[in-house]
Amino acid sequence: MKLYYFETINPQKACAVARYLNSPVEFVRTDMTKGEHKTPGYLAINPNGKVPALTDGDLKLWEANAIMCHLARKAGSDLWPRDECQQIELTRWFTWNSEHFTRHAGELYFQYIIKPKFALGPQDEAAIAEATGFFKRFAGVLNDHLRGRKYLLGDTLSVADFAVGIALPYAKQANIPLGEFPEIERWHARLNELPAWREPFPKENAAAA
Ligand SMILES: N[C@@H](CCC(=O)N[C@@H](CS)C(=O)NCC(=O)O)C(=O)O
């Protein structure tokens, strides 16, 4: 398998899971600053021109969440729950995360980290205010859910944790207001105990975003 990545937030989920599982993947750094994600060869793997992507034999898989699930299922890991109700629960958190939680945390990550990194112009104060407001609203939902739970799906770590938590390592740099949400902070501290979470990217390329 080949995992195409760059040191940004979406590939980070897939890389962290691959490293957590010790998956037999070749990490292929796809340098977004050089446009390597827009070359014809890469677009033949991921026509969206985005990282991450995974190839596994004839399979060309894009979308970080799907890649995490594929790696976990292939490894026979509990990160992909066998119980069908838990699979539905997982779908709920994936969807909620894309639509709400990391959507708004991701906007702050974009404004405070990606814009300066890729020289994309000044921060948009209105977008920052809006994202901060929405983030707080949805973080309240997550904070309540995590009370009394170790992980999103209960006692067992799953790919949902890797998805929903992915912006949190950037909280300080991206002004993501975590301070009001102690259960999220507790959960994130637990994720930080995992070496694969702390160091998701291959070492030689660990120039994180
Ligand atoms: N929904 C996609 C999002 C992938 C994505 O937006 N990746 C960013 C890097 S974090 C990217 O490749 N951006 C380049 C572009 O959109 O041109 C996923 O989860 O894999």
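Trainee: Where do the bounds of domain 1 and domain 2 fall in this chain?

Mentor: Domain 1 covers 2-79 + 200-205, and domain 2 covers 84-196. Keep in mind that this is a predicted model. Taken over C-alpha atoms, the centres of domain 1 and domain 2 are separated by 20 Å.

Trainee: How many residues does each domain give to the contact?

Mentor: First the general idea. The size of an interface is often given as the accessible area lost when the parts come together. Here we count residues instead. Domain 1 supplies 14 residues and domain 2 supplies 13 residues.

Trainee: Which elements matter on the domain 1 side that touches domain 2?

Mentor: Two or more residues come from each of α1 and α3 (64-75). The most come from α1, with 7 residues. By class, that side of domain 1 has 9 nonpolar, 2 polar and 3 charged residues.

Trainee: Now the sheet. In what order do the strands lie?

Mentor: The order is β2-β1-β3-β4. These 4 strands form an open sheet with mixed pairing. Strands β2 (26-29) and β4 (59-62) stand at the edges with a single partner strand each, so one side of each has no neighbour in the sheet. On average, neighbouring strands are turned by 20° against each other, direction ignored.

Trainee: How do β1 and β3 run, parallel or antiparallel?

Mentor: Strand β1 (residues 2-5) and strand β3 (residues 53-56) run antiparallel, joined by 3 bridges. Leu3 stands opposite Leu54 in β3.

Trainee: Which helix packs on the sheet?

Mentor: Helix α1 (residues 9-21) does, touching β1 and β2. The direction of α1 makes about 145° with that of β1.

Trainee: And a helix pair? At what angle do α4 and α5 pack?

Mentor: Two packed helices are described by the angle between their axes and the distance between the axes. For helix α4 (residues 84-117) and helix α5 (residues 125-146), the angle is about 145° and the axes are 8 Å apart. The crossing of α4 and α5 is left-handed. Among the contact residues are Phe101 and Leu108 of α4, and Phe134, Phe135 and Phe138 of α5. By class, this contact has 10 nonpolar, 4 polar and 1 charged residues.

Trainee: Last, the ligand. Which residues are around it?

Mentor: Thr8, Ile9, Asn10, Met32, His37, Gly49, Lys50, Val51, Pro52, Glu63 and Ala64. The shell around the ligand divides into 5 nonpolar, 4 polar and 2 charged residues.

How values were computed: Residues numbered from 1 in each chain as written. Predicted model: local features only at pLDDT ≥ 70, side-chain atom pairs only at ≥ 80, totals over all residues. Near = placed C-beta within 6 Å. Nonpolar A, V, L, I, M, F, W, Y, C, P; charged D, E, K, R; others polar. Pairing = 2+ DSSP bridges. Axes fitted to C-alpha atoms, helices over the stretch in contact; angles between N-to-C directions. Contact = placed C-beta atoms within 7 Å. Domains from an automatic or database assignment. Left-handed = near helix turned anticlockwise from the far one by under 90°.
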